[in-house]
Amino acid sequence: MAPLTLERDIRRAIELMEKLEQSGEIPATKLEAMKNVLKSDFCRAVREVYEQVHETVDINHPAEIRAEAAAKATVAAFAASEGHAHPRVIELPKTEEGLGFNVMGGKEQASPIYISRIIPGGAAHKMVTCVEGTSCSPLMDTA
C-alpha cells in the first residue's frame with residue numbers, strides 16, 4: 001500500500017474554496033478563514049501526525065475503519081501533548097429521545113464542560129463508559 005499523503009487533498013480543497021469565493025455563494029470572509037486554517041502550521045502538524053499514525057495502525061479492516069482509528073489516535077496524541085489525560089472518543093447513537101445526558105459548564109461559566117446527569121435508559125446510560133462528572137470536549141454532531 002502506498003503511503004497516505006493528504007497534501008494534494010488540502011491543495012484541492014483550497015482551490016475549490018477559491019472557486020466558491022469567485023461565485024459569491026459563500027461569504028468570502030468564511031472561505032478565507034477556512035483557507036487560513038488549511039494553510040496553518042497547526043493543520044500541517046496534525047496532517048503529519050495523522051499520516052504517520054495511519055501508516056502505523058495495524059488493523060485488517062476496510063480503509064474507512066483504518067482512517068477512523070488513525071483520526072482517533074491523532075486526537076489522543078495531540079490531547080496528550082497538551083497535558084490532557086488520555087481522551088476517549090465515545091460515539092452515541094442519536095435517537096428521538098436525544099443522547100441521554102445533560103451537560104454543565106462552558107465558556108459562559110468559565111469551567112470545563114462535563115456530564116452532569118446520565119438519563120436512565122438513554123443512549124449514554126446504555127454506554128457503560130459514560131459517567132457523570134466526565135469532562136466533554138469537544139462534542140460533535142456527526143449525524
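Here is a short walk through the structure above, from its overall layout to a few of its side chains.

What you are looking at is a predicted model. The chain has 5 helices and 2 strands, and from the N terminus on they follow the order α-α-α-α-β-β-α. Of its 143 residues, 18% count as buried. The accessible surface comes to about 10600 Å², and 58% of that belongs to carbon and sulfur atoms.

Let's begin with helix H1, which covers residues 7–23. Its 17 residues reach 25 Å from the first C-alpha to the last, close to the 24 Å expected at 1.5 Å a residue. Which residues of H1 are buried? They are Ile10, Ile14 and Met17. Seen down the axis of H1, the buried residues fall within an arc of 60°, so they line one face of the helix. After H1 comes Gly24, with a positive phi near 80°.

Now move on to helix H2 (residues 28–39), where you will find Lys35. Is Lys35 buried or exposed? Lys35 has a relative accessible area of 5%, so it counts as buried, the cut-off being under 20%. Apart from neighbours within four places in sequence, Lys35 is in contact with Ile14, Met17, Glu18 and Glu21.

Next, look at the charged side chains. The model holds 8 salt bridges. One of them joins Glu7 and Arg47, at 3.1 Å from N to O. Because Glu7 lies in helix H1 and Arg47 in helix H3, this pair ties together parts that are 40 residues apart in sequence. Glu7 is partly exposed, with a relative accessible area of 33%, whereas Arg47 is buried at 13%.

Arg47 also meets Glu51 in a salt bridge of 3.4 Å. These two are 4 residues apart in helix H3, so about one helical turn separates them. Glu51 is buried, as is Arg47. Salt bridges that share partners join Glu7, Arg11, Arg47 and Glu51 into one network.

Arg12 is partly exposed at 40% relative accessibility, and Glu15 is partly exposed at 40%.

Conventions:
Residues are numbered from 1 along each chain as its sequence is written. This is a predicted model: local features need pLDDT of at least 70, side-chain atom pairs count only at pLDDT 80 or more; totals for chains, interfaces and linings use all residues. Side-chain values use heavy atoms; hydrogens and water are left out. Buried means under 20% relative accessible area, exposed over 50%, partly exposed in between (1.4 Å probe, protein chains only). Accessible areas come from the Shrake-Rupley method with a 1.4 Å probe; for residues, only the protein chains shown count as cover. Contact means heavy atoms within 4.5 Å. The expected span of a helix is 1.5 Å times one less than its number of residues. The arc is that of the directions from the helix axis to the C-beta atoms. A salt bridge is a side-chain nitrogen of Lys or Arg within 4 Å of a carboxyl oxygen of Asp or Glu.
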